[in-house]
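Have the model open while you read.

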Amino acid sequence: MAVIMDTAVVLLRMLLPVYTVFVVYQCFASMRRRRRPERPLVLLQNLDTGLKIPVLFWENSIGRNRSCDIAIDDPAVSRNHCVLLRRKEGWFLTDTGSKSGTYINDERIEGREQVCIDDVISIGNSDFEFKRGEEFHEELESSWFFSKVVNKPSIRPYKLMIMISLFHIFMGVEAVFCDGATDYDPAYVCAAMVGVEWLFFVISKLALRRVNFEIECLCLLFTGVGVMLLARQEMRQSYIQLIAAVIGIVGYCLLIKFIENPDRIAKWRIIIMVAAVGFLAVNLVFGRVQHGAANWITIGPVSVQPSEFVKIAYIFVGASTLDRLQTKQNLLEFIIFSAVCVGALAIMGDFGSALIFFATFLLISFTRSGDFKTLILALAGAGFAGFMVLNLKPYVLKRFQGWRHVWEYTQDSLGYQQTRVLTYIASGGLFGVGVGNGCLKYVFASESDLVFGILAEEMGFIVAVTIAVAIATMFIYARSVATRTRSAFYSISACCAAGMLVIQMSLNIFGSTDILPLTGVTFPFISLGGSSMISCWGLVAFIKAADERTYAKKIKE
């Protein structure tokens, strides 16, 4: 009997990588289905030339600048003249500080004014009639991500959930029958994880009225992997990680509801900014040094990292509706806020998080303006700051000394962890040694900073790479849905939230494998860390909100 069971576990271990690829593929394939064909929402018809300009987005910048959504070759038009945007109440036009003004039916507008079908919009020396989109008969090119399988039915959410649950059950079986196992504790963890997944599935259907569940399924897959890897390493921590996941899922649901109205964000933006700065200030005053950084606050038996929650606030402040993004005050506020966040994290010694925030700042800045000059200036400033850090913080310089030379320090702190990661990744091979059978778990920080090594050793290189590619593909997906969102807030926040997850994952993987210096940041969803788990679910809410299907039932067509 024991021989049969061992054979079954070995076969399961070889099956799991193939099954991982299958599940991830099915989730992304479903994302491409049941999408509306690319068509204009409304038209702007030039009354002089008769040219019909299709309006494709919910928020459209209009101006002389080539980067505008609707570029007008007219010297009387400002570079960023006005914004045409759609809300559930109808279409609106906002002048963004143009010199000549914006007019609706020969009346100059102040602030945001509603525009109706057949109204005449005057911009500079050009007059446009506002018309219905059905009058445009030319074929438009779709985004490559959605160019195919538009009419295929989506995979039913419950089927994806069954796939995810089976995946975690397979992991639980491996953990229960790993070498030297004497109990069934992983089975209890697995049962709890599956129960949480299906409870979330039911609640999201009833409370959020969701029509699709692919993003959530992927995140549940990642979350379960992290929880189950801990089942044979730190049983107590696996339950704590699961509790943090529940809190993160609740936060995800609340955030989805909160940001369903993009104009609500503008009202809360300053409050959220002040609250984030307050979090960092409390951290600076009461923060406890742990693993070289004073970024932990201990409240009784619970330790939290405020910087993880500030990530969500950072996306809030950086993104906004398009008519507000055009103002210089908005941009200046964001630059100052970014400087405060990065500076505070640097003072705490949390340079890994500071690097994530700075990279996200570059991403948001470019997404907002498309200006390479801003990026070059920011990079120059970062280069100078990095030079100062290396001179003022000797231990940071010491890390760079070991970078790319870890095999010269196999028994030293400069290379001990990375060499073990590389060794055990190799020993795991393509299919892994089985959940709970790895040796890297005995190395310090294996469950957090080095978790990619644990993943590759125990579950195989195929599973580890597939999960990494899946998180990276979430950025491609976020970028693809950006043109179909209801607001620039959703476009920017989705791209930057996905970008933040990819940057964080890259620093974790490349740091632990000596491609980059080890920074001590977590692998999204997989690494041990309740604060990180909660913030990851919060970031995914921005990606979910950008999907045009998320709020489809609440929008009046």
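1. Searching the whole structure turns up zero disulfides, a disulfide being a pair of cysteine sulfur atoms within 2.5 Å. For cysteine 27 the closest cysteine sulfur is in cysteine 217, 5.3 Å away, so that is too far for a bond. Cysteine 27 is buried at 0% relative accessible area, and cysteine 178 also counts as buried, at 8% (buried is under 20% relative accessible area, exposed over 50%, partly exposed in between; 1.4 Å probe, protein chains only).

2. A word on the basis: this is a predicted model, where local features need pLDDT of at least 70 and side-chain atom pairs pLDDT 80 or more, while totals for chains, interfaces and linings use all residues. Residues are numbered from 1 along each chain as its sequence is written, and side-chain values use heavy atoms, leaving out hydrogens and water.

3. There are 21 aromatic pairs (Phe, Tyr and Trp rings, the six-membered one for Trp, with centres within 6.5 Å; planes under 30 degrees apart are stacked, over 60 edge-to-face, the rest tilted). Tryptophan 198 and phenylalanine 201 make an edge-to-face one, 5.3 Å centre to centre with 70° between the planes. Both sit in helix H3 (residues 185-207), three residues apart, which means about one helical turn between them (helices are DSSP runs of H or I, at least four residues, numbered from the N terminus). Tryptophan 198 is partly exposed at 27%, whereas phenylalanine 201 is buried at 12%.

4. Look at arginine 86 too: its charged end sits over the ring of tryptophan 58, 4.2 Å from the centre (NZ of Lys or CZ of Arg within 6 Å of the ring centre and within 35 degrees of the ring normal).

Note on methods
Helix = DSSP H or I, 4+ residues; strand = E, 2+ residues; numbered from the N terminus.
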